[in-house]
Amino acid sequence: MTDRTAIITGGASGIGEAIARRLAADGNMVAIFDLDGDAAESVAASIADRGGKAVGLQVDVTDRSALETAVEDVRARLARPTVLVNNAGMSVPSPFLDITADAWQRSLAVNLTAAFDCCQLVLPDMIDEGWGRIVNISSSSVHSGSPGLSPYVSAKSGVVGLTKSLALEFGKLGITVNTIPPGFIDTPMLRNTVAKGFVDLDLQTAKTPVGRIGRPEDIAATCAFLVSDEAGYITGQMIGVNGGRNT
Ligand SMILES: NC(=O)c1ccc[n+]([C@@H]2O[C@H](COP(=O)([O-])OP(=O)(O)OC[C@H]3O[C@@H](n4cnc5c(N)ncnc54)[C@H](O)[C@@H]3O)[C@@H](O)[C@H]2O)c1
């Protein structure tokens, strides 16, 4: 049990929801930031029903001033956040030549710039406390590339660079920064990509050494370790959770 306060962006669904539930079960107070405010509140209520402390807030992570207000709200209702999981993400599969400039910018905003904004808004609390943990959820597609997902893979590759640079800058202050690039994890996002024909799940399962698609809880367990005290000597790392597809 830690009694720390963790912000999880995109925590109302899939991987983020599993992370929020796991960090709450481990004793952290959790704040869920999500575009879908009702779903964020519903996950927070379900955590509270199990004895945890959680708040769900409607926030578009591409809106810096909304993020500032939400972080202030977390300080008032829970405590200063010292754990940040940048998990909110989106992908709109599309053949490269059909991608509009707006779609490219939106992908960078949600998948990369939002992580920059959240880190800048929460790091001062971590610095003051002399302890902090940031986990950025990237994607195993940064290892391999992915057809139809170039805006997404480009943004997620940027998340890896952000992670490595912040790890070097803040390591001496007791703050670690790592990234988990998930493989294929069974969530609404993956199901949407499969439905549009950009991923063949049977083929990908066959190619996966452990012989199955990942579960959101696989990512949550790794995240729970990275935000623990025990993981204090791990920073700037990309910890793959992909059933062995990428090594
Ligand atoms: N599922 C996979 O196979 C997989 C693989 C690699 C990486 N990822 C990454 O894992 C993370 C979680 O994905 P998931 O599969 O759980 O997806 P998901 O679609 O189930 O959940 C994503 C959540 O993010 C929220 N969100 C999206 N845009 C937002 C915004 N602008 N502001 C606030 N919240 C927003 C959504 O409302 C949703 O609740 C994403 O960053 C995704 O890129 C997923």
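The residues lining the largest pocket divide into 22 nonpolar, 20 polar and six charged (Ala, Val, Leu, Ile, Met, Phe, Trp, Tyr, Cys and Pro count as nonpolar, Asp, Glu, Lys and Arg as charged, and the others, Gly among them, as polar). A pocket here is found on a 1 Å grid over the protein atoms alone, as an open set of points with protein on both sides within 12 Å along at least five of seven lines, and its lining residues have an atom within 4 Å of a point. Keep in mind that this is a predicted model, where local features need pLDDT of at least 70, side-chain atom pairs count only at pLDDT 80 or more, and totals for chains, interfaces and linings use all residues. Residues are numbered from 1 along each chain as its sequence is written, and side-chain values use heavy atoms, with hydrogens and water left out.

Let's stay with that pocket. Its volume is about 1,100 Å³, taken as the space filled by probe spheres set on grid points joined across faces, edges and corners. Of its 48 lining residues, Gly89, Ser91, Tyr152, Thr187 and Met189 are the closest to the centre. Among the elements, α7 gives the most to this lining, with five residues; helices (H or I, at least four residues) and strands (E, at least two) are DSSP runs, numbered from the N terminus.

The ligand takes up the space of this largest pocket (a molecule sits in a pocket if more than half of its atoms lie within 2 Å of the grid points). Around the ligand are 27 residues, with Ser13, Asp34, Asn87, Tyr152 and Thr187 the closest; to be near, a residue needs a heavy atom within 4 Å. This shell has 14 nonpolar, nine polar and four charged residues, and α7 again gives the most, with three.

Now for the polar contacts, pairs of N or O atoms within 3.5 Å. A ligand oxygen is 2.7 Å from a polar backbone atom of Asn87. The protein covers 91% of the 820 Å² of accessible area that the ligand has on its own (Shrake-Rupley method, 1.4 Å probe).

The largest cavity has a volume of about 80 Å³ and 14 lining residues, with Asn86, Ala88, Val110, Asn111 and Ala115 nearest its centre. The largest share of that lining, five residues, comes from α4.

Key: Polar contact = N/O pair within 3.5 Å; in protein donor to acceptor, adjacent residues only side chain to side chain. 1 Å grid on protein atoms, 1.4 Å probe; cavity = no way out; pocket = protein on both sides within 12 Å on 5 of 7 lines; lining within 4 Å.
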